Amino acid sequence: MARPKAAAGTPATVALTAAGIPFAAHPYEHDPAAPSFGLEAAEALGVEPDRVFKTLLADTDLGLVVGVVPVTGMLDLKALAASVGAKRASMADPAVAERRTGYVVGGISPIGQKTRHVTVVDETAQLFDTVFVSGGKRGFDIELAPADLLAATGAAYAPIAK
């Protein structure tokens, strides 16, 4: 009997498909010289930058935590720590983030990570019918409803952007 072929796509799209969560794939031409991957995505896809969210990993006294915030803002580390009951948070080492998520920096998706982490999505995501997050590689975003993003990641909303 032949072995089944692995599903095509990134771990994020495979996870969404397996969970039956609707999403739209949005590939675009990535410029390695772009100063901001998120703002580059918003411009390339022709969407409001506030609807495009970046995925950041923070190291807390409770372990690594994923923060998902609009590309127009920054992650408030104190607010992220408080939202998960930690005392402190600092940005995770990029090499650790890549190793633990299975994605490269600039293409880290909150969905389909190699190791599942506690995830917090900035509450502003609720303002939109759909939001954009990295699809798991540079030059590839996925669009989905904020509630579906929470379902796919086990996340909670909190005010974690500044």
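## The β6-β7 hairpin

Strands β6 and β7 form a hairpin with two residues between them, and G139 in the turn has a positive phi of about 85 degrees. The model is predicted: local features need pLDDT of at least 70 and side-chain atom pairs count only at pLDDT 80 or more, while totals for chains, interfaces and linings use all residues. Residues are numbered from 1 along each chain as its sequence is written, and side-chain values use heavy atoms, with hydrogens and water left out.

Helices (H or I, at least four residues) and strands (E, at least two) are DSSP runs, numbered from the N terminus. The antiparallel pairing of β6 with β7 covers five bridges; two strands pair if DSSP finds at least two bridges between them. V131 has L144 in β7 as its bridge partner. Six of the seven residues of β6 are buried, so this strand is largely enclosed by the rest of the structure. Buried means under 20% relative accessible area, exposed over 50%, and partly exposed in between (1.4 Å probe, protein chains only).

Axes are lines fitted to C-alpha atoms, for helices over the stretch in contact, and angles run from 0 to 180 degrees between N-to-C directions.

β1 and β7 run antiparallel and are joined by four bridges, with H26 opposite D141 in β7. Contact means heavy atoms within 4.5 Å.

## Helix α2

Helix α2 spans residues 37-45, and G38, E40, A41 and A42 are buried in this helix. The buried residues of α2 pack against β7 (140-144). G46 follows α2 and has a positive phi, near 70 degrees.

## The five-stranded sheet

A further open sheet has five strands in the order β4-β2-β3-β5-β8, with mixed pairing. Its edge strands, β4 (89-91) and β8 (156-158), each pair on one side only. Neighbouring strands of this sheet are turned by 35 degrees against each other on average, direction ignored.

Strand β5 (residues 118-122) pairs with β8 in the parallel sense over three bridges; D122 has A158 in β8 as its bridge partner. Helix α5 (residues 146-153) packs on the sheet and touches β5 and β8, its direction making about 120 degrees with that of β8.

## The largest pocket

The largest pocket has a volume of about 490 Å³. On a 1 Å grid over the protein atoms alone, a pocket is an open set of points with protein on both sides within 12 Å along at least five of seven lines, and lining residues have an atom within 4 Å of a point. Grid points are joined across faces, edges and corners, and the volume is the space filled by probe spheres set on the points.

Of the 26 lining residues, F37, K54, T55, L56 and G106 are the closest to the pocket centre. Two or more lining residues come from each of α2, β2 (53-60), α4 (94-101), β6 and β7, and β2 gives the largest share, five residues. The lining has 15 nonpolar, seven polar and four charged residues. Ala, Val, Leu, Ile, Met, Phe, Trp, Tyr, Cys and Pro count as nonpolar, Asp, Glu, Lys and Arg as charged, and the others, Gly among them, as polar.

Note on methods
1 Å grid on protein atoms, 1.4 Å probe; cavity = no way out; pocket = protein on both sides within 12 Å on 5 of 7 lines; lining within 4 Å.
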